[in-house]
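Student: Could you take me through one part of this model slowly, residue by residue? I would like the cut-offs stated along the way.

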Amino acid sequence: QVQLVESGGGLVQPGGSLRLSCAASGRIFSINPMGWYRQAPGKQRELVATMTGGMTNYGDSVKGRFTISRDNAKNTVYLQMNSLKPEDTAVYYCNYRIVTIDYWGQGTQVTVSS
């Protein structure tokens, strides 16, 4: 069984930065994708960033502003978010995928507002 625990969300002003962390427990392998999705009120959950081995994949809306990293020794994935915009406001979910099975964290709220 895989468990994911996110931390690091909060309230930040536009243009600010936040760093999210997701610690995983269970059978975790770097060959399986691990990363972040987000869901804003009234919208579908969307890809933010994932990492598989050394390869990264970003959603178009965050490219150039967000950076994903992964510490395989700690089974932890990070999301450095810079130049935050109000439209980045959402609940951010950590995800770990084994073939077709998705594991999700409980989510952490990120609010970008002045």
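Tutor: The side chain of Asn95 reaches the backbone oxygen of Tyr103 at 3.5 Å, and the side chain of Asn95 also makes a polar contact with the side chain of Asp102, at 3.1 Å. A polar contact is here a pair of N or O atoms within 3.5 Å, where, within protein, one must be able to donate a hydrogen and the other to accept it, and residues adjacent in sequence count only if both atoms are side-chain atoms. This is a predicted model, in which local features need pLDDT of at least 70 and side-chain atom pairs count only at pLDDT 80 or more, while totals for chains, interfaces and linings use all residues. Side-chain values use heavy atoms, with hydrogens and water left out, and residues are numbered from 1 along each chain as its sequence is written.

Asn95 lies in strand β9 (strands are DSSP runs of E, at least two residues, numbered from the N terminus). Asn95 counts as buried because its relative accessibility is 1%, buried meaning under 20% relative accessible area with a 1.4 Å probe and protein chains only. Leaving aside residues up to four places away in sequence, Asn95 touches Leu4, Pro33, Met34, Gly35, Tyr37, Asp102, Tyr103 and Trp104, with contact meaning heavy atoms within 4.5 Å.

The structure also holds one disulfide (a pair of cysteine sulfur atoms within 2.5 Å), formed by Cys22 and Cys94 with their sulfur atoms 2.0 Å apart. This pair links distant parts of the chain, since Cys22 is in strand β3 (residues 18–25) and Cys94 in strand β9 (residues 90–98), 72 residues apart. The link of Cys22 and Cys94 is left-handed, with -85° about the S-S bond, and both Cys22 and Cys94 are buried.

Terms used. Helices (H or I, at least four residues) and strands (E, at least two) are DSSP runs, numbered from the N terminus. Buried means under 20% relative accessible area, exposed over 50%, partly exposed in between (1.4 Å probe, protein chains only).
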